[in-house]
Amino acid sequence: KAIPYLEELLEIEPSEAMAAMMLADIYKRQGKNELSNQLIQKAFSNPKLDMTIKLQLMVKQIERLPNDDVFELLLDLGHTLVEVHPDAADAYAINGDLLMRNNENAEALNMYLKAIELGATNYSLWKNTLQLLSQAEKFEEVIKLASKAVELYPNQPLLYYFSGTAYMIRKNYDRAIEELEQGKKLSGRNEELKSYFNAQLGDAYYHVSEHKKSDASYEAALL
């Protein structure tokens with residue numbers, strides 16, 4: 001019964017985004033995926049539709065992955081989201097997540113960096129950004145961003161791992177040791193993570209000729 005009413009409403013007022021979303025949901029349940037997707041894309045193009053509603057729908061669609069059709073829809077919606085809401089950090093963040101999931105790492109990194117520039121405070125986003133910067137071997141940027149990240153999340157050990165590793169590659173071994181030791185302390189009972197820290201510390205202590213500490217770190221990494 002709702003379909004004729006919603007269709008008529010959209011004929012009278014095509015910009016009625018909530019009606020479009022409701023009708024899209026009905027079409028989806030009826031298996032009319034193409035019609036549903038067209039209405040969703042139309043609703044996303046409307047700047048008056050609340051960002052929260054758009055993000056909730058995208059998260060709901062992400063839960064349906066892996067599915068090539070759904071992924072293509074999500075990429076289109078993500079592109080529309082940043083066009084319509086260019087100052088919203090979350091728009092860039094969710095695009096970064098999608099692109100990283102599709103192994104489009106350079107594009108994902110750009111999206112994450114823009115989200116951070118706009119004030120994003122999601123830990124996973126900062127972690128993913130540092131991971132992608134490390135993979136791209138942009139170690140000076142890793143050091144700068146990790147310094148900002150630990151101000152926001154001082155108890156997250158992985159941030160110190162990224163920072164310490166970057167310092168070691170830049171041959172600043174004393175600072176690398178400082179960062180890695182701090183990260184190891186924060187690792188708690190996560191023995192696997194401690195092992196990664198110890199392996200890096202073994203290398204760092206070796207380079208400053210502290211061979212006993214180097215040997216002990218290597219041994220601890222094997223436990």
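Mentor: Start with helix α4 (residues 51–62) and helix α5 (residues 68–84). Their axes come within 10 Å and cross at roughly 160°. The model is predicted: local features need pLDDT of at least 70, side-chain atom pairs count only at pLDDT 80 or more, and totals for chains, interfaces and linings use all residues. Residues are numbered from 1 along each chain as its sequence is written, and side-chain values use heavy atoms, leaving out hydrogens and water.

Trainee: Why are α4 and α5 called roughly antiparallel to each other?

Mentor: Set the angle against the cut-offs. Angles under 35 degrees count as roughly parallel, over 145 as roughly antiparallel, 65 to 115 as roughly perpendicular and the rest as oblique. The α4 and α5 axes cross at roughly 160°. Therefore α4 and α5 are roughly antiparallel.

Trainee: What is the handedness of the crossing of α4 and α5?

Mentor: The crossing of α4 and α5 is left-handed. That term applies if the near helix is turned anticlockwise from the far one by less than a right angle; clockwise is right-handed.

Trainee: Which residues of α4 and α5 make the contact?

Mentor: Contact means heavy atoms within 4.5 Å. From α4 come Met51, Lys54, Leu55, Leu57, Met58, Gln61 and Ile62. From α5 come Val70, Leu73, Leu74, Leu77, Gly78, Leu81 and Val84.

Trainee: How do the residues of the contact of α4 with α5 divide by class?

Mentor: There are 11 nonpolar, two polar and one charged. Ala, Val, Leu, Ile, Met, Phe, Trp, Tyr, Cys and Pro count as nonpolar, Asp, Glu, Lys and Arg as charged, and the others, Gly among them, as polar.

Trainee: What makes α6 roughly antiparallel to α7?

Mentor: Look at the angle. α6 (89–101) and helix α7 (residues 105–117) pack at about 160°, with their axes 8 Å apart. That angle makes α6 roughly antiparallel to α7. α6 also passes α7 in a left-handed crossing. Nine residues of their contact are nonpolar, three are polar and three are charged.

Trainee: How do you know that α8 is roughly antiparallel to α9?

Mentor: The axes of α8 and helix α9 (residues 139–152) come within 9 Å and cross at roughly 165°. So α8 is roughly antiparallel to α9. This crossing is left-handed. Among the contact residues are Trp126 and Leu130 of α8, and Phe139 and Leu145 of α9. The contact of α8 with α9 has nine nonpolar, two polar and two charged residues.

Trainee: What volume does the largest pocket have?

Mentor: About 270 Å³. A pocket, on a 1 Å grid with a 1.4 Å probe, is an open set of points with protein on both sides within 12 Å along at least five of seven lines; lining residues have an atom within 4 Å of a point.

Trainee: Which helix gives the largest share of the lining of the second largest pocket?

Mentor: That helix is α6, with four residues. The second largest pocket holds about 210 Å³ of space. Its lining residues include Asp90, Tyr112 and Asn128. They divide into five nonpolar, four polar and two charged.

Conventions: Axes fitted to C-alpha atoms, helices over the stretch in contact; angles between N-to-C directions. Helix = DSSP H or I, 4+ residues; strand = E, 2+ residues; numbered from the N terminus. Points joined across faces, edges and corners; volume = space filled by probe spheres on them.
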